[in-house]
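Here are my notes on this one, in the order I went through it. Have the viewer open as you read.

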Amino acid sequence: MPTICTTVISSFRQDVEGHWIANLACGHSQHVRNRPPWEQRPWVTSEAGRAEKIGTQIDCPRCEMPVLPPDAREYKRTATFTEATIPSGLLRDHRTKDGTWARIVVEAGRLRYGIEPPRRTFVLTPEYPGIAPPMILHQVDPLGAVSFHVEFLRIEP
């Protein structure tokens, strides 16, 4: 079972639809909604409730996304794919070659991204790209209409 980063809530903001987003000390953010019976967070509906949650711990699944080495540089980029043009090889387990990292950049829509080991699944958006380390199994799956491209990176001497 993968370890999930535990961090604290540092502040709140609203998205364009008025949903509340917690800004986290780790640098990530996540929606915090009250949608019973799936998500029960009645405290998010009031200013006082949100203020009480500043500094409280929360899990951050985004901390599990691999991170590119700071010296990785792009050397190639694919064309833009859509849900209708994704090459079949990207829809099943595949891997980059040794020494090659990949950044999956969603231009519009959402893309499910699976990586292993251990098995982890993320939803990629224009604000949240996916990272594939060298030689690690991964695949994508469109979540409706989507457009994205893949950037290939390596560490240059």
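1. First, burial: a residue is buried under 20% relative accessible area, exposed over 50% and partly exposed in between, with a 1.4 Å probe and protein chains only. On that count, 38% of the 157 residues of the chain are buried. Keep in mind that this is a predicted model, where local features need pLDDT of at least 70, side-chain atom pairs count only at pLDDT 80 or more, and totals for chains, interfaces and linings use all residues. Residues are numbered from 1 along each chain as its sequence is written, and side-chain values use heavy atoms, with hydrogens and water left out.

2. Confidence next. pLDDT is the predictor's own confidence in each residue, from 0 to 100. The chain averages 89, and 97% of the residues score at least 70. Strand β6 (residues 81-82) has the highest confidence at 98, while strand β8 (residues 120-124) has the lowest, at a mean of 83. Where pLDDT is low, the predicted coordinates should not be read in detail.

3. Now the fold. Helices (H or I, at least four residues) and strands (E, at least two) are DSSP runs, numbered from the N terminus. The chain has 2 helices and 10 strands, in the order β-β-β-α-β-β-β-α-β-β-β-β from the N terminus on. Its C-alpha trace spans about 50 × 35 × 30 Å along the principal axes. Taking contact as heavy atoms within 4.5 Å, residues 24 or more positions apart account for 67% of the contacts with a separation of 6 or more.

4. Which residues does arginine 50 touch? This residue sits in helix α1 (residues 47-53) and, at 11% relative accessibility, counts as buried. Not counting residues up to four places away in sequence, arginine 50 touches Phe12, Trp20, Trp43, Val44 and Thr45. Phenylalanine 12 is 38 residues away in sequence, yet the two C-alpha atoms are 7.5 Å apart. A polar atom of the arginine 50 side chain also lies 2.8 Å from the backbone oxygen of valine 44.

5. Threonine 100 is another one to click on. It belongs to the loop between α2 (88-91) and β7 (101-116), and it is buried because its relative accessible area is 5%. Leaving aside neighbours within four places in sequence, threonine 100 is in contact with Tyr75, Ala132, Pro133, Pro134, Phe152 and Leu153.

6. On to the largest pocket, with about 930 Å³ of space. Of its 23 lining residues, Ser29, Gln30, His31, Arg62 and Thr125 are the closest to the centre. β3 (29-31) and β8 each supply at least two lining residues, and β8 gives the most, with 4. The lining divides into 7 nonpolar, 5 polar and 11 charged residues. (Ala, Val, Leu, Ile, Met, Phe, Trp, Tyr, Cys and Pro count as nonpolar, Asp, Glu, Lys and Arg as charged, and the others, Gly among them, as polar.) For the method: on a 1 Å grid over the protein atoms alone, a pocket is an open set of points where a 1.4 Å probe fits, with protein on both sides within 12 Å along at least five of seven lines, and lining residues have an atom within 4 Å of a point. Points are joined across faces, edges and corners, and a volume is the space filled by probe spheres set on them.

7. The second largest pocket has a volume of about 170 Å³. Its 14 lining residues include Leu90, His94, His138, Val150 and Phe152, which lie nearest its centre. β10 (137-155) and β7 each supply at least two of the lining residues, with the largest share, 4 residues, coming from β10. By class, this lining has 9 nonpolar, 4 polar and 1 charged residues.

Key:
A polar contact is a pair of N or O atoms within 3.5 Å; within protein, one must be able to donate a hydrogen and the other to accept it, and residues adjacent in sequence count only if both atoms are side-chain atoms.
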